[in-house]
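Here are some notes on side-chain features, for your review. Please read them alongside the sequence and the structure.

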Amino acid sequence: KSYGLTISSFLHYTFSYNNDTGMYVPNQPPFAPDQVGRIEDILHVDDFDFATDYEKLTGPKTTWPNNARRIPDDVLPFEGIIVPQGFHLIPTAGRLSIINLDDENRTEYIVHEST
């Protein structure tokens with residue numbers, strides 16, 4: 001048996017240390033494009049290597065991904081991850097997409113996009 005880990009990340013979000021406040025502050029505005037990824041089998045990753053053990057699943061159009069989750073078996077005819085995106089007061093549209101994990105190209109289907 002294997003256990004995968006799906007990650008909604010802030011990998012494009014960078015911070016700098018502010019000497020005046022003693023805090024880290026973002027270098028770019030919030031809601032920047034980001035990504036969803038996964039580690040396919042966390043039980044067999046002894047020495048984690050980001051370059052080989054992490055799979056990026058989304059591209060540059062993904063904005064503020066929230067709670068990306070694996071869809072239960074038998075809901076779709078393929079293994080998939082559902083990705084809610086945006087849904088805040090941001091300049092880009094919020095959307096709901098599904099990523100097909102059975103497709104080697106990891107096709108992303110848009111279920112709904114707000115206007």
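1. In which loop is Leu43 found? Leu43 is in the loop between β4 (36-39) and α1 (50-53); helices (H or I, at least four residues) and strands (E, at least two) are DSSP runs, numbered from the N terminus.

2. This is a predicted model, in which local features need pLDDT of at least 70, side-chain atom pairs count only at pLDDT 80 or more, and totals for chains, interfaces and linings use all residues. Residues are numbered from 1 along each chain as its sequence is written, and side-chain values use heavy atoms, with hydrogens and water left out.

3. Leu43 is partly exposed, with a relative accessible area of 49% (buried is under 20%, exposed over 50%, partly exposed in between; 1.4 Å probe, protein chains only). Together with Tyr3, Leu5 and Ile42, Leu43 makes a nonpolar surface patch of about 360 Å².

4. Phe50 and Tyr54 are stacked, at 4.7 Å centre to centre and 15 degrees between the planes. Phe50 is partly exposed at 45% relative accessible area, whereas Tyr54 is buried at 11%.

5. Phe78 and Tyr109 form a tilted pair, with 5.9 Å centre to centre and 40 degrees between the planes. This pair links distant parts of the chain, 31 residues apart: Phe78 lies in the loop between β6 (69-70) and β7 (80-85), Tyr109 in strand β9 (residues 108-113). Tyr109 is partly exposed, with a relative accessible area of 39%.

Conventions:
Phe/Tyr/Trp six-rings, centres within 6.5 Å; stacked < 30°, edge-to-face > 60°. Patch = residues over 30% accessible without salt bridge, like charges linked within 9 Å, V, L, I, M, F, W, Y side chains within 5 Å. Areas by Shrake-Rupley, 256 points an atom, 1.4 Å probe, with all protein chains shown as cover. Salt bridge = Lys/Arg side-chain N within 4 Å of Asp/Glu carboxyl O.
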